[in-house]
Amino acid sequence: MSEQRLEANGICVEFDGVRALHEATVEVRRGEIMGLIGPNGAGKTTLVNAISGYQNFSRGRVTIDGVDASSWTAPARARGGVVRTFQAVRVFRELTVRENIELGAIGVGSSSASGTALADELMEMLDLHSQADVAAGNLSYGYQRRLGIARSLAAKPQYLLLDEPAAGLSEEESVVMSHVLRDIRDEFGCGMLLIEHDMPLVMGICDRITVLNFGEILATGTPAEIRNNRSVVEAYLGSEVTNA
Ligand SMILES: Nc1ncnc2c1ncn2[C@@H]1O[C@H](COP(=O)(O)OP(=O)(O)OP(=O)(O)O)[C@@H](O)[C@H]1O
């Protein structure tokens, strides 16, 4: 029986002899939202890159539902169900919202007709319908971030890795984003790994949270456990814990 989880086990990454990740292990179960938090430079993006095939690692293993995907390319991992977004939104600025989403679907093998149907569904879900025919480059920042997520969802991921989806959003936009992320999990049933510095959002929607510090896992637990973990508070949360 296959295990319904994405696992990174003992991942080690060095850049020119400088340790970015050391024995980092994280697991995302299908249907859960796992937060990935930690100070700037802790290795969060590097870990997501390693899991999604954008970063080689010297030691460790990535498995998708029990299958070793460590040697797979990024596109192969996407076809295997692991799709990620980037800190900087990557959309085709001259194409419309609809065209961007359709391309995301066609890029992973959907027919043009099913890409169109999926684009409609995703625009509805992410409240992008009013912007369907607007060129992506003309969208507000909040809509651009949602489009980036819609494009990723067009690949029908089993696991969605999100690199700071709320970065640069206003407080209200961030609240909208937290509802969107919950809806995605509920509708698609996918597991989500969420890098985010917005603590109210992280504490509000994550089932579990993993904390990275200096390339190593400091703690994994429920939001309540993480909030009350002395090492985490000292290394990262500090006064934020009282605001979350
Ligand atoms: N391509 C690279 N070449 C050299 N060093 C890198 C490279 N990418 C990341 N690093 C270094 O690896 C460490 C981890 O960086 P990473 O971007 O993964 O951290 P992060 O936790 O995502 O930080 P942030 O919250 O600021 O985005 C940092 O010291 C960073 O400077």
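Four strands form an open sheet in the order 2-1-4-5, and the pairing is antiparallel. Strands here are DSSP runs of E with at least two residues, helices are runs of H or I with at least four residues, and both are numbered from the N terminus. Two strands pair if DSSP finds at least two bridges between them. The edge positions belong to strand 2 and strand 5 (67-68), each of which pairs on one side only. The model is predicted: local features need pLDDT of at least 70, side-chain atom pairs count only at pLDDT 80 or more, and totals for chains, interfaces and linings use all residues. Residues are numbered from 1 along each chain as its sequence is written.

Strand 1 (residues 5-15) is joined to strand 2 by eight bridges in the antiparallel sense. Ile-11 has Ala-24 as its bridge partner in strand 2. Strand 2 (residues 18-29) also contains Glu-23, a non-glycine residue with a positive phi, near 50 degrees. Glu-23 has 13 other C-beta atoms within 10 Å and is therefore partly exposed. The burial classes use C-beta atoms placed from the backbone: a residue is buried with 20 or more other C-beta atoms within 10 Å of its own, exposed with 12 or fewer, and partly exposed in between.

Helix 1 lies across strand 1, strand 2 and strand 4 (59-64), and runs at about 120 degrees to strand 1. Contact between two residues means that their C-beta atoms, placed from the backbone, lie within 7 Å. Axes are lines fitted to C-alpha atoms, for helices over the stretch in contact, and angles run from 0 to 180 degrees between N-to-C directions. Eight of the nine residues of helix 1 are buried, so this helix is largely enclosed by the rest of the structure. The buried residues are Lys-44, Thr-46, Leu-47, Val-48, Asn-49, Ala-50, Ile-51 and Ser-52. Gly-53 follows helix 1 and has a positive phi, near 95 degrees.

Around the ligand are Phe-15, Ala-20, Gly-38, Asn-40, Gly-41, Ala-42, Gly-43, Lys-44, Thr-45 and Thr-46. By class, the shell has three nonpolar, six polar and one charged residues. In this scheme Ala, Val, Leu, Ile, Met, Phe, Trp, Tyr, Cys and Pro count as nonpolar, Asp, Glu, Lys and Arg as charged, and the others, Gly among them, as polar.

A second open sheet is made of six strands in the order 6-7-8-3-9-10, with mixed pairing. Strand 6 and strand 10 (216-221) stand at the edges with a single partner strand each, so one side of each has no neighbour in the sheet. From one strand to the next, the twist averages 20 degrees. Helix 9 (residues 230-237) lies across strand 3 (33-37), strand 9 (208-213) and strand 10, at about 125 degrees to strand 10.

## Strand 7 and its surroundings

Strand 7 pairs with strand 6 (residues 82-84) in the parallel sense over three bridges, and Arg-84 has Leu-161 as its bridge partner in strand 7. Strand 7 also pairs with strand 8 (residues 191-195), again in the parallel sense, over five bridges. Here Leu-160 has Met-192 as its partner in strand 8. The chain passes from strand 7 through helix 6 to strand 8 in a right-handed β-α-β crossover. Right-handed means that, with the strands pointing away from the viewer, the path from the first strand over the helix to the second runs clockwise.

All five of the five residues of strand 7 are buried, so the strand is largely enclosed by the rest of the structure. In a regular strand the side chains alternate between the two faces of the sheet. Tyr-159, Leu-161 and Asp-163 are buried on one side of strand 7, and Leu-160 and Leu-162 are buried on the other. Glu-164 lies in the loop between strand 7 (159-163) and helix 6 (171-188). Its phi is positive, about 50 degrees, although Glu-164 is not a glycine. Glu-164 is partly exposed, because 19 other C-beta atoms lie within 10 Å.

## Ala-150 in helix 5

Ala-150 is in helix 5 (residues 141-153) and counts as buried, with 26 C-beta neighbours inside 10 Å. Leaving out residues up to four places away in sequence, Ala-150 touches Ile-101, Leu-122, Met-123, Leu-126 and Leu-128. The C-alpha atoms of Ala-150 and Gly-104 are separated by 8.5 Å, and these residues are 46 residues apart along the chain.

Methods: A residue is near a molecule or strand if its C-beta atom, placed from the backbone, lies within 6 Å of it.
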